[in-house]
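Work through the exercises below with the sequence and the 3D view open beside you, and try each task before you read its solution.

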Amino acid sequence: MTVHMGDRRLELPPMDQLAFLAGLGFLAALELIEWPIALAIGVGHELARSRHGKVLREFGEALEEA
């Protein structure tokens with residue numbers, strides 16, 4: 001999803017990812033989990049997602065070459 005703010009363009013994660021991150025923020029705001037833990041979970045989740053996407057792209061490229 002892309003949001004245009006004047007002359008700037010902001011790329012947002014997919015809606016399911018955005019909902020997950022919003023849920024983490026909500027839990028941290030209610031103090032059900034601490035902010036550093038919510039941040040660590042969010043960063044770890046994004047790293048795993050981006051690494052997973054890279055692996056899938058490389059796999060797809062290998063299949064195209066075969």
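The exercises that follow concern a predicted model, and they go from the overall fold to a single residue.

**Exercise 1.** Determine which pattern of helices and strands the protein follows along the sequence.

*Solution.* Begin by counting the elements, which gives two helices and two strands. Then read along the sequence, where the order turns out to be β-β-α-α.

**Exercise 2.** Compare the radius of gyration of the protein with that of a compact globule of 66 residues.

*Solution.* Next, look at the extent of the C-alpha trace, which spans about 50 × 35 × 15 Å along its principal axes. Finally, turn to burial, and note that 8% of the 66 residues count as buried, while the protein exposes about 5700 Å², of which carbon and sulfur atoms supply 65%.

**Exercise 3.** Find which residues make the nonpolar surface patch, and which helices supply them.

*Solution.* The patch, of about 310 Å², is made by Phe 20, Leu 21, Ile 37 and Ile 41.

**Exercise 4.** Decide whether Ile 37 is buried, partly exposed or exposed.

*Solution.* First locate Ile 37, which lies in helix 2. Its relative accessible area is 44%, and buried means under 20% while exposed means over 50%. Ile 37 is therefore partly exposed, because its 44% falls in between.

How values were computed. Residues are numbered from 1 along each chain as its sequence is written. This is a predicted model: local features need pLDDT of at least 70, side-chain atom pairs count only at pLDDT 80 or more; totals for chains, interfaces and linings use all residues. Side-chain values use heavy atoms; hydrogens and water are left out. Helices (H or I, at least four residues) and strands (E, at least two) are DSSP runs, numbered from the N terminus. The radius of gyration is taken over C-alpha atoms; the globule rule is 2.2 Å times the number of residues to the power 0.38. Buried means under 20% relative accessible area, exposed over 50%, partly exposed in between (1.4 Å probe, protein chains only). Accessible areas come from the Shrake-Rupley method with a 1.4 Å probe; for residues, only the protein chains shown count as cover. Patches are made of residues with over 30% relative accessible area and no salt bridge: like charges are joined within 9 Å, nonpolar side chains (Val, Leu, Ile, Met, Phe, Trp, Tyr) within 5 Å. A salt bridge is a side-chain nitrogen of Lys or Arg within 4 Å of a carboxyl oxygen of Asp or Glu.
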